[in-house]
Amino acid sequence: MSPLSLGDLVDLEARALEEQGEPEEVRRTRYRQLGRRLADPGPLPEDNASLLKALLRLDPRPDAPGKRFEGALALLHALVSLLGLLVGVSLSLSLLQPGGPHPVNVLTVLTALVGTQLLLLAILIIALLPRQEPRTTGPVLHLLRAGLRWILARAGVADRVQALADRLDAHRGLLRWILVRVAQIFGVSFNLAALAGCFYRIAVSDIAFGWSTTLPLDADAVRRLTAALAAPWSWFAPHGVPSAPLIRLTQYSHLEGRYLLHGADSRSLGPALVGGWWVYILYSLACYGLLPRLAALAVGGYRVRRILGGTPTSNEELARLCEWMRSPVLSTRPEGPDPAPMTSPAASGRPEPERPPAGSACELLDGAPPAAQQLLRDRFGWTLAPGPQNPLVAVVSAWEEPTKGQLRRFAALGDRLLIVALHDPSGTDDARRAKIRDRWKRELPKVAGRARVETL
């Protein structure tokens, strides 16, 4: 089974947006014909994902946004990763400044590098709790969503960004999990850079550590707090837990400008003793910063893959497309080559009306693909504007048969010149497509007074 990629799903949703105004009969006939073309080389794939991927390869759209969406998302990943690296290394280097009149306050470092991340993780867990409204919530996810929207606008799909985002959110919160994954890429980059910055400072400078607070905390309370935080690694790395003597000797008073249990002008208690603090800081950052972010990144990636893997069968609209493609095409025509058309004497000798010259104003009927206007201008030189006397142009798929539903639609258009442009974005020549065009030329004059068939 070949799962859908994110770009494939975006392309399928873009097709669904383009076809929203079409009757279901028209869509069903189109996908039956596409399924018949897919079945010509061999049997259709059994799983929906492979069938949908084959559909995208068979009937590509020239302005499909899937690749651009994946490229924009990769760019967003790179930008947040770079931002995380810059913020992490800058913050760690600024917190562990060597020299100065006072030692580095361990409590400040732990609050900035560890406490803030624990708070953000708690907010993330709350944001991911099941709720009735599946849209993204929270300032971080809203900021990331705005960044993705800005990048997609620069990629040339600004007109469909909001509609595509809403449709992706409908797939069990897919967009929300994509943005969660982006946020964790920032978190992992931040923690890796913070660890590297802390280790660099410690390796090339003699950092004096101490702890001080105006809260009513004594050395015993701080020892109990640090021991509780060190529980995850104390069983295999006891040297990463600050000892009671270290905590007592490194209590610092900014008011007096000295360690409380040390000489008045002393700044260092010896590398062996002070080392207990920097090892504790590195373990805390790895345990409460890096590891939770890696776990959240793995969960986010797993959820995205699960949603993409289950969407072809769980999504009702995509499952219906697969059902249509697997449905047999019912026809009353005999097997083999088409017999000669039987037309009435009045219709057999009636030639097609002349094609409107370049520069003519034509009215485009609803249901045309977004690129149809530019294609008509480039191919025929027509301008498109509504008008009671202007010829009517209907753009339909070159693989769409002239069904009764389509013909009834055209029969109600009156006596104006009707031009049906058969559009095939692949541009390949196919014998079946030529037969479909001949059927249009044969059936259309029966319901429209003046009608002409063109290839677009």
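Author: Start with the labels: helices are DSSP runs of H or I with at least four residues, strands are DSSP runs of E with at least two, and both are numbered from the N terminus. This is a predicted model, in which local features need pLDDT of at least 70 and side-chain atom pairs count only at pLDDT 80 or more, while totals for chains, interfaces and linings use all residues. Residues are numbered from 1 along each chain as its sequence is written, and side-chain values use heavy atoms, with hydrogens and water left out.

A quick overview comes before the close look. The protein has 17 helices and 9 strands. Of its 456 residues, 44% count as buried (under 20% relative accessible area; exposed is over 50%, partly exposed in between; 1.4 Å probe, protein chains only). Now take contacts, meaning heavy atoms within 4.5 Å. Among contacts with a separation of 6 or more, 80% join residues 24 or more positions apart.

Our part is helix α1, together with its surroundings. Helix α1 runs over residues 6-18, which is 13 residues. From its first C-alpha to its last it reaches 19 Å. How many residues of α1 are buried? The count is 13 of 13, and α1 is mostly covered.

What lies against α1? Helix α3, residues 48-58, is one partner. Two packed helices are described by the angle between their axes and the distance between the axes. Axes are lines fitted to C-alpha atoms, for helices over the stretch in contact, and angles run from 0 to 180 degrees between N-to-C directions. The axes of α1 and α3 come within 11 Å and cross at roughly 70°. The two helices are therefore roughly perpendicular (65 to 115 degrees; under 35 is roughly parallel, over 145 roughly antiparallel, the rest oblique). On the α1 side, Asp8, Asp11, Leu12 and Arg15 make the contact. On the α3 side, Leu52, Lys53, Leu55 and Leu56 meet them. These residues divide into 4 nonpolar (Ala, Val, Leu, Ile, Met, Phe, Trp, Tyr, Cys, Pro), no polar (the others, Gly among them) and 4 charged (Asp, Glu, Lys, Arg).

Leucine 168 touches both of them. Leucine 168 belongs to helix α7. Its relative accessibility is 1%, so leucine 168 counts as buried. Leucine 168 and valine 10 are 158 residues apart in sequence, yet 7.8 Å apart in space, C-alpha to C-alpha. Setting aside neighbours within four places in sequence, the contacts of leucine 168 also include Phe69, Leu174 and Leu175.

Leu9 has another partner. Threonine 311 touches Leu9 too, along with His171, Arg172 and Leu318, leaving out residues up to four places away in sequence. Threonine 311 sits in helix α12, residues 271-314. Threonine 311 has 2% relative accessibility, so it counts as buried.

Next comes glycine 173. Glycine 173 lies in the loop between α7 (161-169) and α8 (174-204). With 3% relative accessibility, glycine 173 counts as buried. Glycine 173 and valine 304 are separated by 131 residues in sequence and by 9.2 Å in space, C-alpha to C-alpha.

Compare other helix pairs. Helix α2 (residues 24-39) packs on helix α13 (residues 316-326) at about 60°, with axes 7 Å apart. These two are therefore oblique to each other. The α2 crossing of α13 is right-handed. From α2, Glu24, Arg27, Arg28, Tyr31, Arg32, Gly35 and Leu38 take part; from α13, Glu317, Leu321, Trp324 and Met325 do. The tally for α2 with α13 is 5 nonpolar, 1 polar and 5 charged.

Helix α16 (residues 404-411) meets helix α17 (residues 431-447) at about 45°, with axes 9 Å apart. That angle makes α16 oblique to α17. Their crossing is right-handed. Gln406, Leu407, Phe410 and Ala411 of α16 make contact with α17 through Trp440, Glu443, Leu444 and Val447. Here the division is 6 nonpolar, 1 polar and 1 charged.

Notes:
Left-handed = near helix turned anticlockwise from the far one by under 90°. Expected span 1.5 Å × (residues − 1).
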